[in-house]
Structure formats: C-alpha cells, structure tokens
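Subject: Structure handover

Hello,

Here is the structure I said I would pass on. My notes on it come after the coordinates.

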Amino acid sequence: MIPPIASNFVAGETASAAMDHVDDLNERGVHGILNLLGEHYGDRADADADTQAYVDLVRALAQRNTDACISVKPSQIGLDIGDAVFEENLARIVDAADCLVWIDMEDHTTTDVTLDAFERHARETDGNVGVCVQANLKRTRDDLERLADLPGKVRLVKGAYDEPAELAYREKARVDEAYRDDLAFMFQHFDDGIAVGSHDPAMISYARELHEEYGTPYEVQMLTGVRERAQFDLADDVTVYQYIPYGEKWFSYFYRRIRERKSNALFALRAVVGR
C-alpha cells in the first residue's frame, strides 16, 4: 500500500486507481498522461509484461472513455535489452492504442533510437505519438529542426539526467536560456503539437506570450503532486495535462521526486508532521 505521503506524487498501484485519478482530474478540466512505473529492464520477460500492461491499459481507456493518453519509457519496454526489442514492443503498444502514445526520453545514449522510433510511428499513425526532448542537451535545437515538420507532439522539458558537460548545459541559467530559445523556435516553426513540460511560472508565462504572438496551439504538462492548484487554474485558459505515475514500483520514483526539489522535501516533511 502506498503511504499517504507518497500518494501525493503517485496515483496508485493499479491501472484502475490511476484511471479513477484521471476521472477526478477530468471533472476539474485537466487531462491525464498515465505512466506505469518501471525502467531499465534487463530481462525480456519484464519488458514484455509491462508492454502487455500498456496494451491492456489503452484498451481499458478506450472502453472507459477517460480523457487520457499514456507515456512509455524506452528502457521499460526493452531498449536496454536491444533496439529490436524496444521497437517491437513499442509497435505493439502503438498499434493497440486509440489514444496518443508519448515516448519518454531518457539519457543522451537513447536519443537517436528514441527519435527514430518517434519519426517512424508519427508518419505511420499520422501523429498519434509524442516524444520528449530536453533543453539541457546541446543537440536539441538540431533535433527540433528535424521534428518541426513531423506530425505528432513534442514535449520540451529542461532535462533531469546528469549528462556529460561536453554534451549538455549544466548551469541552471544556461539551461533556462536554452529552454526559452527552444520554446521560441517551436512556436515559430511548429504548426501544432507543442507541449510545455514545466512547472516554472516564468516559462509558462513565456509560452503564453509566444502563443499570443504566433498563434501556435500548445498545452502545458505538469507532474502529479507538483503545483496542482496552478494546474487547475491554468486549465481555465489553456489545455493542461497531468503526468500521472502509478504502479507497484512507486518507492524509487517517490524518493527521486523528493530528492530533486527542496520544495518537494518540505512538502513531504509537512505531511509527516501533519501540517
């Protein structure tokens, strides 16, 4: 059972609990992106099992008529085992899905194979897939130029992996600058499909300014348990998606959320002491 302190960041251990969470969000105008927790599998059986869980999930979403899509980590469905395993399992999920399938981005070693998979499925499904790119990587502007004319969606995040200095910007101010520059490029050169993956009020405000200038449609994506009041407020003016982790592997995800942000740690501490 997930303790109350962790349940602020994880929607539950089962797909049913996660879909119930989405139903509650939908009533408040927020959409959902469901992510079954799990990554870096070295055993094909584990990768295949989570692939089947995603196939079952997208079928359940279609029957339930829940306003949600899904997001999949490449290493969860076989990339660490081999490119062919990842590609086979991703195809199974995409073929089964009526909803959009996001392909999460992991560290820099996975960028090329992830973008190749996205491009292939974007063309084959006429845009029923999405991919994440990370502003801290120095290559990202070139990647955005490649993605600009493809169907599908692109989520821009700042990047959370500890990448080598020769490949990535490491200073916060430089990452913020790259994020703003990449966001401006997307609003200027994309026709649609921009997802602003950020909790930073300054970046969200900048996206609004860019939308007013260029008219390009966009959405905002935030995590479960982080600035949720802001998510509901934003949903009055722009499409908002909440990224919703769930599953039995919740502890490592929760621990990572607490470590990465001081505000999350303080939030957790207040929950422990009952304030």
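Below is what was found, going from the whole chain to single residues.

The model is predicted, so please read every value as computed from it. The protein has 275 residues, and 53% of them are buried. Its secondary structure comes to 11 helices and eight strands. Counting contacts between residues at least 6 apart in sequence, 70% join residues at least 24 apart.

Core and helix 7

The largest nonpolar core contains 81 residues. Those with the most contacts inside it are L34, I70, V101, L147, L183 and F190. Helix 7 (residues 172-189) gives this core its largest share, seven residues.

Helix 7 is 18 residues long and reaches 26 Å from its first C-alpha to its last, close to the 26 Å expected at 1.5 Å a residue. Its buried residues are V175, D176, A178, Y179, D182, L183, A184, F185, M186 and F187. They pack against helix 6 (140-147), strand 5 (153-157), strand 6 (194-197), helix 8 (201-214) and strand 7 (218-223). For L183, leaving aside neighbours within four places in sequence, the contacts are L156, V196, M203, Y206, A207 and L210.

Helix 3

Helix 3 covers residues 44-64, and its end C-alpha atoms are 30 Å apart. That agrees with the 30 Å that its 21 residues should span at 1.5 Å a residue. A47, D50, T51, Y54, V55, L57, V58 and L61 are buried in this helix. Seen down the helix axis, the buried residues of helix 3 fall within an arc of 160 degrees, so they line one face. They pack against helix 2 (15-27), strand 1 (31-36), strand 2 (68-72), helix 4 (83-96) and strand 8 (239-246).

Both ends of helix 3 have something to note. At the start, a side-chain oxygen of D43 comes to within 2.8 Å of the backbone nitrogen of A45. After the helix comes N65, with a positive phi near 60 degrees.

N35 is found in strand 1. It counts as buried because its relative accessibility is 2%, and buried means under 20%. Apart from neighbours within four places in sequence, N35 is in contact with Y54, S71, K73, Q76, D104, Y243, I244, P245 and Y246. Among these, Y54 is one of the buried residues of helix 3.

G78 lies in the loop between strand 2 and helix 4. At 0% relative accessibility, G78 also counts as buried. With neighbours within four places in sequence left aside, G78 is in contact with A47, V85 and F86.

Positive phi in loops

Two loop residues may be worth a look if you check backbone angles. D126 is not a glycine, yet its phi is positive, about 55 degrees. D126 is found in the loop between helix 5 (111-125) and strand 4 (129-134), and at 66% relative accessibility it counts as exposed.

R227, a residue other than glycine, has a positive phi near 50 degrees. R227 lies in the loop between strand 7 and helix 9 (228-234). With a relative accessibility of 35%, R227 counts as partly exposed.

Regards

Conventions
Residues are numbered from 1 along each chain as its sequence is written. This is a predicted model: local features need pLDDT of at least 70, side-chain atom pairs count only at pLDDT 80 or more; totals for chains, interfaces and linings use all residues. Side-chain values use heavy atoms; hydrogens and water are left out. Helices (H or I, at least four residues) and strands (E, at least two) are DSSP runs, numbered from the N terminus. The expected span of a helix is 1.5 Å times one less than its number of residues. Buried means under 20% relative accessible area, exposed over 50%, partly exposed in between (1.4 Å probe, protein chains only). The arc is that of the directions from the helix axis to the C-beta atoms. Contact means heavy atoms within 4.5 Å. A polar contact is a pair of N or O atoms within 3.5 Å; within protein, one must be able to donate a hydrogen and the other to accept it, and residues adjacent in sequence count only if both atoms are side-chain atoms. A nonpolar core is a set of buried Ala, Val, Leu, Ile, Met, Phe, Trp, Tyr and Cys residues joined through side-chain atoms within 4.5 Å.
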